[in-house]
Amino acid sequence: MAAGDVRYCERISYLFLKILLIVYATIFWMIGGFILAIGIYAEVERQRYKTLEGVFLAPAIILIVLGLVMFFVSFIGVLASLRDNLCLLKVFLYTLTVCLMLELFGGILALMFRNKTVDLLNKNIRKGMVNYYDDLDFKNIMDFVQRKFKCCGGQEYKDWEVNMYHNCSAPGPLACGVPYTCCVNVKSNEVVNTLCGFEVLKKERLELMDVVYTRGCTDAVFIWLMDNCTTMAVILLSILLPQFFGVIVSWLYITRVEDAIAEFGNYPDSFLLDGNRTLKHQGRVARCCRCLPELD
């Protein structure tokens, strides 16, 4: 293969990787901006109604943090790929790699220390249950989980004793009871009986089989995950594979740029088809004919 053909192939691979990285980073930049906008809107609404005392449990805060990370990291990727800036390209690569490694490491730790993970999860759920009626965000999440997974409380239905309204020493009709979303016969097309869990905390588990769900939501969710391992595998791959793809593409692109710098002493610029055209890049003038074959 002639030297001109080799350099032509190098130019094509460079352009392909450049376009691929620009498209990849731009897509996630837009997704990050969309998530950030939703998070900001949700946080504005949350502040309006003054819900959720534990701010780090708010879905809006999670969306804002996730959106900010995706937006700025992807913006760095877009800018770096457009300008062939090695420093920014490496920042983008290392950030993606660190995020991917943290996710994998966190998942492995959670599996290795499953009991401690469950205990920590139950502890945080009970903290949220304390302010169940004052925390609309947590209330909506808890109600959804209890209906969806047919469960009640964190570890078990008696966890509701931590709530000041459901504690057996509290006054009122909710004392020693559980929320209506724990009830077995609640249907979406029927009028809800909000007192269907009346004084169930005084009764034993076997007496409540047809009244409320006695299984805790933590166990219910883990059982569902085990029963739907294929779905979970698809979800995990859809999260991890795009990041892994970004790491590979950015690494290949950095390698291509570094090769051009090492061989020709300048940046590859845009690899314009006109081999005699002069480009200005990062305050320096570089001739493309040094990196491209002559074209007729």
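**Helix H3 and the spaces in the model**

Helix H3 runs over residues 86–112, and its 27 residues should span 39 Å at 1.5 Å a residue; the C-alpha atoms at its ends lie 38 Å apart, which agrees. This comparison concerns a predicted model, so the confidence of the prediction also deserves attention.

At the start of H3, asparagine 85 places a side-chain oxygen within 3.0 Å of the backbone nitrogen of cysteine 87. Several residues of the helix are buried, namely Leu86, Leu89, Phe92, Leu93, Leu96 and Leu100.

The mean pLDDT of the chain is 79, with 80% of its residues at 70 or more. Among the elements of the chain, H3 has the highest mean pLDDT, 89, whereas strand E2 (residues 284–287) has the lowest, 35. Over residues 269–296 the pLDDT stays under 50, and for these residues the model has 55 contacts beyond four places in sequence.

H3 also takes part in the lining of the largest pocket. The volume of this pocket is about 1400 Å³. Its lining comprises 31 residues, of which Leu121, Val221, Phe222, Leu225 and Met232 are the closest to the centre. At least two lining residues come from each of helix H2 (59–83), H3, helix H4 (114–130), helix H5 (136–148), helix H6 (217–227) and helix H7 (229–264).

One cavity of 30 Å³ or more is counted, and the largest cavity holds about 30 Å³ of space. The residues that line the largest cavity are Pro173, Leu174, Gly177, Val178, Thr194, Leu195, Gly197 and Phe198.

Notes. Residues are numbered from 1 along each chain as its sequence is written. Side-chain values use heavy atoms; hydrogens and water are left out. Helices (H or I, at least four residues) and strands (E, at least two) are DSSP runs, numbered from the N terminus. The expected span of a helix is 1.5 Å times one less than its number of residues. Buried means under 20% relative accessible area, exposed over 50%, partly exposed in between (1.4 Å probe, protein chains only). A polar contact is a pair of N or O atoms within 3.5 Å; within protein, one must be able to donate a hydrogen and the other to accept it, and residues adjacent in sequence count only if both atoms are side-chain atoms. pLDDT is the predictor's confidence in each residue, from 0 to 100. Contact means heavy atoms within 4.5 Å. On a 1 Å grid over the protein atoms alone, a cavity is a set of points where a 1.4 Å probe fits but cannot get out, and a pocket is an open set with protein on both sides within 12 Å along at least five of seven lines; lining residues have an atom within 4 Å of a point. Grid points are joined across faces, edges and corners, and a volume is the space filled by probe spheres set on the points.
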